[in-house]
Amino acid sequence: MARLNVKIADLELKNPVMTASGTFGYGLEFADLMPLDGIGGIIVKGTTLNPREGNDYPRMAETASGMLNCVGLQNKGVDYFCEHIYPQIKDIDTNMIVNVSGSSPEDYAECAARIDALDNIPAIELNISCPNVKDGGMAFGVTCAGAASVVKAVRQRYHKTLIVKLSPNVTDIAEIARAVEAEGADSVSLINTLMGMAIDIEKRKTLLSINTGGLSGPCVKPVALRMVWQVAKAVKIPVIGLGGISCAKDAIEFLMAGATAIEIGTANFLDPAVSIKVRDGINDWLDSHGCRSVDEIIGVI
């Protein structure tokens, strides 16, 4: 059996397979379907400083080889997470990572600071694809200045491993990655969803309540893979790859493109045990190709 453990800054992963935020709940929902301690990490659903109701229904729609969603970060806020969710997940034997969202750098920083106090949460993942309410609704992650402002504010108040999740809805994702690296990001994860739309031609209306939503699933994989490859060559910090991964072959492609670890998202809806199957598939491939460690294939492209 090959060595599968990898390291993201100070974060030790028993294998490079994690689950993506928004697709795996708090992990508890999958406890009867797969061994939660069998993967490298679980990134729990997006958490904000204050409770959010999310968008109106309908907020999910199937597309060819993927899905659209506009859930809108529905959650009960960071205090609820700390008081009610954390006690239930703190002893799960894997890295429990919280995805943090906000509407201003100050919101992000305050939310991160409260999570910083939780002993068994070793890292956070910043979702910088959120709209900046002070700047006309433009997402923080689409400009270097916006992305850097969030990371700078959070870095001042958060002292553990800081992962920044990058938006693909930009002209040059590598320059955004360099901007957050310069402000103290320990790692970047990419890609977040691509902006998309679907229309019901009989009803003559869009399928989502707010017209547009985030596109995910196998259809985005070639774009995600290209962006991971570009970013891995542009920064010195570890890269976490995600976007359309549904089998071991997909994951190995991302590792070869330069990702140190990967996240599985939409595929969890089709097969709740897919992350375990991907972990085992990576190991089988390494064994069959004479590799003693996953490190031997990371960034070979």
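Q: At roughly what angle do the axes of helix α3 and helix α4 cross, and how close do they come?
A: In this predicted model, the axes of α3 (residues 144-155) and α4 (residues 173-182) come within 8 Å and cross at roughly 30 degrees.

Q: Why are α3 and α4 called roughly parallel?
A: Angles under 35 degrees count as roughly parallel. The crossing is roughly 30 degrees, so α3 and α4 are roughly parallel to each other. As for handedness, α3 passes α4 in a right-handed crossing.

Q: Which residues make the contact of α3 with α4?
A: From α3 you've got Cys-144, Ala-147, Ala-148 and Val-151, and from α4 there are Glu-175, Ile-176, Ala-179 and Val-180. Sorted by type, that's seven nonpolar, no polar and one charged.

Q: What makes α6 roughly perpendicular to α8?
A: The axes of α6 (residues 248-256) and α8 (residues 274-288) come within 8 Å and cross at roughly 65 degrees. The roughly perpendicular range runs from 65 to 115 degrees, so α6 counts as roughly perpendicular to α8. The crossing of α6 past α8 is right-handed.

Q: Which residues meet where α6 packs on α8?
A: On the α6 side they're Ala-248, Ala-251, Ile-252, Leu-255 and Met-256, and they meet Val-278, Gly-281, Ile-282 and Trp-285 of α8.

Q: How do you know whether Ser-288 is buried or exposed?
A: Check its relative accessible area, which is 56%. Exposed means over 50%, so Ser-288 is exposed. Ser-288 lies in helix α8.

Q: What is in contact with Leu-166, leaving aside its neighbours within four places in sequence?
A: Ser-189 shows up again here, and the other partners include Ile-128, Ile-173, Ile-176, Val-180 and Leu-190.

Q: How many residues does the largest nonpolar core have, and which have the most contacts inside it?
A: The core has 97 residues, and those with the most contacts inside it are Phe-81, Ile-124, Leu-126, Val-164, Leu-166, Leu-190 and Ile-282. Helix α1 (residues 78-89) supplies the largest share, six residues.

Terms used: Residues are numbered from 1 along each chain as its sequence is written. This is a predicted model: local features need pLDDT of at least 70, side-chain atom pairs count only at pLDDT 80 or more; totals for chains, interfaces and linings use all residues. Side-chain values use heavy atoms; hydrogens and water are left out. A nonpolar core is a set of buried Ala, Val, Leu, Ile, Met, Phe, Trp, Tyr and Cys residues joined through side-chain atoms within 4.5 Å. Buried means under 20% relative accessible area, exposed over 50%, partly exposed in between (1.4 Å probe, protein chains only). Helices (H or I, at least four residues) and strands (E, at least two) are DSSP runs, numbered from the N terminus. Contact means heavy atoms within 4.5 Å. Axes are lines fitted to C-alpha atoms, for helices over the stretch in contact, and angles run from 0 to 180 degrees between N-to-C directions. Angles under 35 degrees count as roughly parallel, over 145 as roughly antiparallel, 65 to 115 as roughly perpendicular and the rest as oblique. A crossing is left-handed if the near helix is turned anticlockwise from the far one by less than a right angle, and right-handed if clockwise. Ala, Val, Leu, Ile, Met, Phe, Trp, Tyr, Cys and Pro count as nonpolar, Asp, Glu, Lys and Arg as charged, and the others, Gly among them, as polar.
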